[in-house]
Amino acid sequence: NVVSRIEIFRIMAKRRFAVIPTSAVMLHAEANGLPVTDQAASLLAEDVSYRLRDVVHAASELMKCSKRRKLAVEDFTRCLKLKNLEPCYGFGCDESQSFRHVQAKGETIYF
């Protein structure tokens, strides 16, 4: 029983952070008409993953300061405002969202 708990903690430690794949960065750059090499996309993916972890950590700190146990969209919105970043479009945002589309393998993808 103790061994299984140790294995569970090891698995959780490996999956602790979200990682943005290089293909997602290349798709986004392609959609905006920007040429990106594989090495640049890899570096950008690593940077985006770090910044995402930073924002999630700061939002969780705001949640703890509010003495709540559930992370809310307002925590992310406040965190993004504190870091002078664009607001999170969707729930909890007063600004409208503009959708873009890209042709990929004969299909239209909206994001």
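Predicted model: local features only at pLDDT ≥ 70, side-chain atom pairs only at ≥ 80, totals over all residues.
The expected span is taken as 1.5 Å times one less than the number of residues, and helices (H or I, at least four residues) and strands (E, at least two) are DSSP runs numbered from the N terminus. Residues are numbered from 1 along each chain as its sequence is written, and side-chain values use heavy atoms, with hydrogens and water left out.

The buried residues of H3 (under 20% relative accessible area, with exposed meaning over 50% and partly exposed in between, for a 1.4 Å probe and protein chains only) are Ala 41, Ala 45, Ser 49, Val 55, Ala 58, Ala 59, Ser 60, Leu 62 and Met 63. These buried residues pack against H2 and H4, contact meaning heavy atoms within 4.5 Å.

Thr 37 lies in the loop between helix H2 (22-31) and H3, and is exposed, with a relative accessible area of 51%. Its C-alpha atom is separated by 8.3 Å from that of Met 26, 11 residues apart along the chain. H3 is followed by Lys 67, whose phi is positive, near 60 degrees.

## Packing of H3 with H4

Helix H3 (residues 38-65) packs with helix H4 (residues 73-82) at an angle of about 115 degrees, the axes being 8 Å apart; axes are lines fitted to C-alpha atoms, for helices over the stretch in contact, and angles run from 0 to 180 degrees between N-to-C directions. On the H3 side the contact is made by Val 55, Val 56, Ala 58, Ala 59, Leu 62 and Met 63, and on the H4 side by Asp 75, Phe 76, Arg 78, Cys 79, Leu 80 and Leu 82.

## Salt bridges

Salt bridges (a side-chain nitrogen of Lys or Arg within 4 Å of a carboxyl oxygen of Asp or Glu) number 5. One of them joins Asp 54 and Lys 83, with the closest N and O atoms 3.0 Å apart; Asp 54 lies in H3 and Lys 83 in the loop between H4 and strand S1 (101-104), so the pair ties together parts that are 29 residues apart in sequence.

Arg 68, Asp 75 and Arg 78 are linked in a network of salt bridges, in which the closest N and O atoms are 2.6 Å apart for Arg 68 and Asp 75 and 3.6 Å apart for Arg 78 and Asp 75. Asp 75 is buried, with a relative accessible area of 0%, whereas Arg 68 is partly exposed at 29%.
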